[in-house]
Amino acid sequence: MVRLEPAGVTFRADESAVEYLQAGSGSGLPASVSLAGPDDFDTEWLSLVLGVKIVNGLDEAIAHIQAHSTAHSDGILTQDEKNAGRFIAEVDSAAVYVNASTRFTDGGQFGLGGEVAISTQRLHARGPMGLRELTTYKWVVVGDYHVRP
């Protein structure tokens, strides 16, 4: 939070995360932190808003993703190869990331050229469709804590 807050990032945190975000800020909730509402984990902010939820293990994390993800891109930070493998196998998103920023989900980054239409969902085809347009891919990206500025 120390590096994100000065960059203008705000946080929507569930109750379990609030105590961690309060730590080091003295008493009270920092101005950049709001308690998450019922729809916050289903909202695509398209801005510098970060949802924060503390979960009890990988099972709960995957269940949260399955309940709230748009199936566009999801990521995990882990040093446990078994957890990384389960995440890749069980998270059904168009792009799954291990130790890399989901900001790499971009046609140019994947070597596909410039994007003409952008969807933040799993499927993007519109208009007349054939087999090619109905074929989906699952991109798996494994990094070493790579970020995209």
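How many helices and strands make up the secondary structure of the protein? The protein comes to four helices and six strands, where helices (H or I, at least four residues) and strands (E, at least two) are DSSP runs, numbered from the N terminus. This is a predicted model, in which local features need pLDDT of at least 70 and side-chain atom pairs count only at pLDDT 80 or more, while totals for chains, interfaces and linings use all residues. Residues are numbered from 1 along each chain as its sequence is written, and side-chain values use heavy atoms, with hydrogens and water left out.

The protein has 149 residues, of which 29% count as buried. Here, buried means under 20% relative accessible area, exposed means over 50%, and partly exposed lies in between (1.4 Å probe, protein chains only). The accessible surface comes to about 10,000 Å², and 54% of this surface belongs to carbon and sulfur atoms. Accessible areas come from the Shrake-Rupley method with a 1.4 Å probe; for residues, only the protein chains shown count as cover. Among contacts with a separation of 6 or more, 58% are between residues 24 or more positions apart, a contact being heavy atoms within 4.5 Å.

The sheet comes next. Three strands form an open sheet in the order β4-β5-β6, with parallel pairing; two strands pair if DSSP finds at least two bridges between them. At the edges lie β4 (73-76) and β6 (139-146), each of which pairs on one side only. From one strand to the next, the twist averages 25°. Axes are lines fitted to C-alpha atoms, for helices over the stretch in contact, and angles run from 0 to 180 degrees between N-to-C directions. Four bridges join β4 and β5 in the parallel sense, and one example is Ser-73, whose bridge partner in β5 is Ala-95. Helix α3 packs on this sheet and touches β4, β5 and β6, its direction making about 160° with that of β5.

Side chains of opposite charge can pair when their charged atoms come close. A salt bridge is a side-chain nitrogen of Lys or Arg within 4 Å of a carboxyl oxygen of Asp or Glu, and a search of the whole structure finds five of them. In one of these, the side chains of Asp-14 and Lys-53 meet at 3.5 Å, N to O. This pair links distant parts of the chain, 39 residues apart: Asp-14 is in the loop between β1 (10-13) and α1 (15-22), and Lys-53 is in the loop between β3 (49-52) and α2 (58-68). With a relative accessible area of 13%, Asp-14 is buried, whereas Lys-53 is partly exposed at 33%.

Asp-59, Arg-86 and Glu-90 are linked in a network of salt bridges. Between Arg-86 and Asp-59, the closest N and O atoms are 2.6 Å apart; this pair also links distant parts of the chain, with Arg-86 in helix α3 (residues 81-90) and Asp-59 in helix α2, 27 residues apart. Between Glu-90 and Arg-86, the closest N and O atoms are 2.9 Å apart, and both residues lie in helix α3, four residues apart, about one turn of the helix. Asp-59 is exposed, with a relative accessible area of 54%, while Arg-86 at 26% and Glu-90 at 36% count as partly exposed.

Helix α2 also holds His-64. Leaving aside neighbours within four places in sequence, His-64 is in contact with Phe-41, Lys-53 and Ser-69. The C-alpha atoms of His-64 and Lys-53 are separated by 9.3 Å, and the two residues are 11 apart along the chain.

Two backbone angles also deserve a look. Most residues other than glycine have a negative phi. Leu-46, although not a glycine, has a positive phi of about 50°; Leu-46 is found in the loop between β2 (33-35) and β3 and is exposed, with a relative accessible area of 74%. Tyr-145, also not a glycine, has a positive phi of about 60°. Tyr-145 is found in strand β6 and counts as partly exposed at 39% relative accessibility.
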